[in-house]
Amino acid sequence: FHHNDWLQDKNLRVTLKPAAPGDASMHNYVVQVVTSDIRGSSCDANVSLVIFGDKGDSGELSLDNSVNNFERGAKDVFNVQAKDVGKIERIRIGHDDTGSLFGPASWHCASVEITNTTTGVRQAF
């Protein structure tokens with residue numbers, strides 16, 4: 001599903017239709033995130049990612065699946081669909097500061113690797 005517009009004011013909901021098969025504007029990405037293996041490194045907050053490339057950015061992508069993600073020493077894998085950003089130049093990854101019972105949430109991210117499965121190009125951060 002692709003939506004490149006604001007949800008605000010009177011338009012707080014939108015109905016989206018799946019992109020057509022083979023839609024060249026949408027690419028599949030595999031995002032692998034490694035949480036450091038140090039005390040206090042895990043995170044229960046909602047983590048998101050933006051991929052920036054020479055054709056623009058992906059918009060904010062939620063990194064979530066059916067397992068307990070971002071635990072100490074863990075490698076989490078996410079399959080996301082986003083518009084083609086071209087050659088990946090940088091990313092922004094962060095969390096929403098929720099999920100902690102003991103003050104502000106924190107997280108120690110060791111590494112991120114993104115593979116554009118449509119093109120086969122892999123980029124490590």
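Modeller: Rings of Phe, Tyr and Trp (its six-membered ring) count as a pair if their centres lie within 6.5 Å; planes under 30 degrees apart are stacked, over 60 edge-to-face, and the rest tilted. This is a predicted model, in which local features need pLDDT of at least 70 and side-chain atom pairs count only at pLDDT 80 or more, while totals for chains, interfaces and linings use all residues. Residues are numbered from 1 along each chain as its sequence is written, and side-chain values use heavy atoms, with hydrogens and water left out.

Colleague: How many aromatic pairs does the structure hold?

Modeller: A pair of aromatic rings is described by the distance of the centres and the angle of the planes. The structure holds 2 such pairs. In one, the ring centres of Phe70 and Phe78 are 5.7 Å apart and the planes stand at 25°, so this pair is stacked.

Colleague: Which parts does the pair of Phe70 and Trp107 tie together?

Modeller: Helices (H or I, at least four residues) and strands (E, at least two) are DSSP runs, numbered from the N terminus. Phe70 is in the loop between strand 4 (61-63) and strand 5, and Trp107 is in the loop between strand 6 and strand 7 (109-116), so the pair ties together parts 37 residues apart in sequence. Ring pairs link Phe70, Phe78 and Trp107 into a cluster.

Colleague: Are Phe70 and Trp107 buried or exposed?

Modeller: Buried means under 20% relative accessible area, exposed over 50%, and partly exposed in between (1.4 Å probe, protein chains only). Phe70 and Trp107 are both buried, and Phe78 is buried as well.

Colleague: Which residues touch the most other members of the largest nonpolar core?

Modeller: In soluble globular proteins, nonpolar side chains tend to be buried together. A nonpolar core is a set of buried Ala, Val, Leu, Ile, Met, Phe, Trp, Tyr and Cys residues joined through side-chain atoms within 4.5 Å. The largest one here has 20 residues, of which Tyr29, Val31, Val33, Ile51, Leu63, Phe70 and Ile114 touch the most other members. Two or more residues each come from strand 1 (26-35), strand 2 (47-53), strand 4, strand 5 and strand 7.

Colleague: What does Leu63 touch?

Modeller: Contact means heavy atoms within 4.5 Å. Not counting residues up to four places away in sequence, Leu63 touches residues including Val31, Val33, Phe70, Phe78 and Ile93.

Colleague: Where does Val85 lie?

Modeller: Val85 is in the loop between strand 5 (75-83) and strand 6 (88-95). Val85 is buried, with a relative accessible area of 0%. Leaving aside neighbours within four places in sequence, its contacts include Tyr29, Ile51 and Asp57.

Colleague: In what order do the strands of the open sheet run?

Modeller: Two strands pair if DSSP finds at least two bridges between them. Here 4 strands form an open sheet in the order 5-1-7-8, with antiparallel pairing. Strand 5 and strand 8 (121-124) are the edge strands, each pairing on one side only. Strand 1 and strand 7 are joined by 7 bridges; Val31 has Ile114 in strand 7 as its bridge partner, and Thr35 stands opposite Cys109.

Colleague: How many residues lie between strand 7 and strand 8 in their hairpin?

Modeller: The hairpin has 4 residues between the two strands, and Gly120 in the turn has a positive phi of about 85°. Strand 7 and strand 8 pair over 4 bridges in the antiparallel sense, and Glu113 has Ala124 in strand 8 as its bridge partner.
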